[in-house]
Amino acid sequence: MAIQILSHEQAPPEAASRPTPPARRRRPGALARAINTTLGRGLIQLLAVAVFFAAWEVAVDAGWLTEFLVGAPSGIWRVFVKSVLDGSLAHDTWLTVVEAILGFVIGTAIGSVAGLGLWYSVLVARIVEPFIVAINSVPKIALAPIVILWFGTGFVSKVALAVSLTALVALIAAYQAARDADPDLQALLASMGASKNRIFRSVIVPSTLPAIIGMFRINIGFALVGAVVGEFISSQAGLGHLIYNASSLYDLNAVWVGLFVLMFVGFLLYHVIDFAERRILPWRQVDTAGSVQV
């Protein structure tokens, strides 16, 4: 009886077509797992900040950079401590934050309601849309002198400027989200005899809520911009006032104090919005760790 020896080239068809098992993925090491945690990433970020400031200080001490032009971390720290001890920094920060939050709340509410209201009438929306586009094309900062002229140089003008920057963003976002709401579901409810108000409550509002809340992240930044720009133009206090006065006196260390505090305030408010979104829309569980919203 002849024995047939099969080489690799003569392998039976079923053996050749058999899928090869996937290669086992290497499990990350203990160090990689420790780094890829909230605590690990936070420590790396803090280390990066410490290295940056240490390099900055060394460059100034060595004469590679001029403190007059770029400031120095040690000088920034001295100004920061002095401002904290005399209470001026807390007062300026509190005033700017209140102006920004009021402008954010009022502007977002007005814009969202107006944007959703345009869903009720296609005719009105088509008439108003060119004006919205035209106003949106104008840099909102250009409105600052007019707003200051109308509302004066006090607290109200800073809030009004923040409102002017946030309302239009909210209007466009809410209107676009309402336009993109599921038309089939709307037609189904209409065929079942649902009124327009019922469709609005049952379909439009729930479907636009994620877009509106997502827009909060953008608007909180615009509200801060409006408040600070208003303080640049005319104010007696606030972080914008601090930065403007320090730059007029060529005090770069004080300018950096105001800028760093603004960064911290923006960072904090952004994460407050993120926390609120997770609470209001728990089914989304938005992970913002790998993305930057602007």
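A residue is called buried when its relative accessible area is under 20%, exposed when that value is over 50%, and partly exposed in between. The views below show a predicted model.

**View 1. An aromatic pair formed by Phe 53 and Phe 260.** With a relative accessible area of 26%, Phe 53 is partly exposed. Phe 260 is likewise partly exposed, at 26%. Phe 53 belongs to helix H3 (residues 38–61) and Phe 260 to helix H13 (residues 252–280), so the pair ties together parts that are 207 residues apart in sequence. Ring pairs also link Phe 52, Trp 56 and Trp 256 with these two residues into a cluster. The whole structure contains 13 aromatic pairs.

**View 2. The rings of Tyr 120 and Phe 200.** The ring centres lie 5.1 Å apart and the planes stand at 35°, so this pair is tilted. Tyr 120 sits in the loop between helix H6 (88–117) and H7, while Phe 200 is in helix H11 (residues 196–233), 80 residues apart. Tyr 120 is partly exposed, with a relative accessible area of 32%. Phe 200, at 15% relative accessibility, counts as buried.

**View 3. The second largest pocket and its lining.** This pocket holds about 190 Å³ of space. Helix H7 (122–137) and helix H9 (155–179) are the elements that give two or more residues to its lining. H7 gives the most, with 4 residues. The lining residues include Trp 119, Glu 129, Tyr 175 and Lys 196. By class, the lining has 6 nonpolar, 1 polar and 4 charged residues.

How values were computed
Residues numbered from 1 in each chain as written. Predicted model: local features only at pLDDT ≥ 70, side-chain atom pairs only at ≥ 80, totals over all residues. Heavy atoms only, no water. 1 Å grid on protein atoms, 1.4 Å probe; cavity = no way out; pocket = protein on both sides within 12 Å on 5 of 7 lines; lining within 4 Å. Points joined across faces, edges and corners; volume = space filled by probe spheres on them. Nonpolar A, V, L, I, M, F, W, Y, C, P; charged D, E, K, R; others polar. Phe/Tyr/Trp six-rings, centres within 6.5 Å; stacked < 30°, edge-to-face > 60°. Buried < 20%, exposed > 50% of the residue type's maximum accessible area, 1.4 Å probe, protein only.
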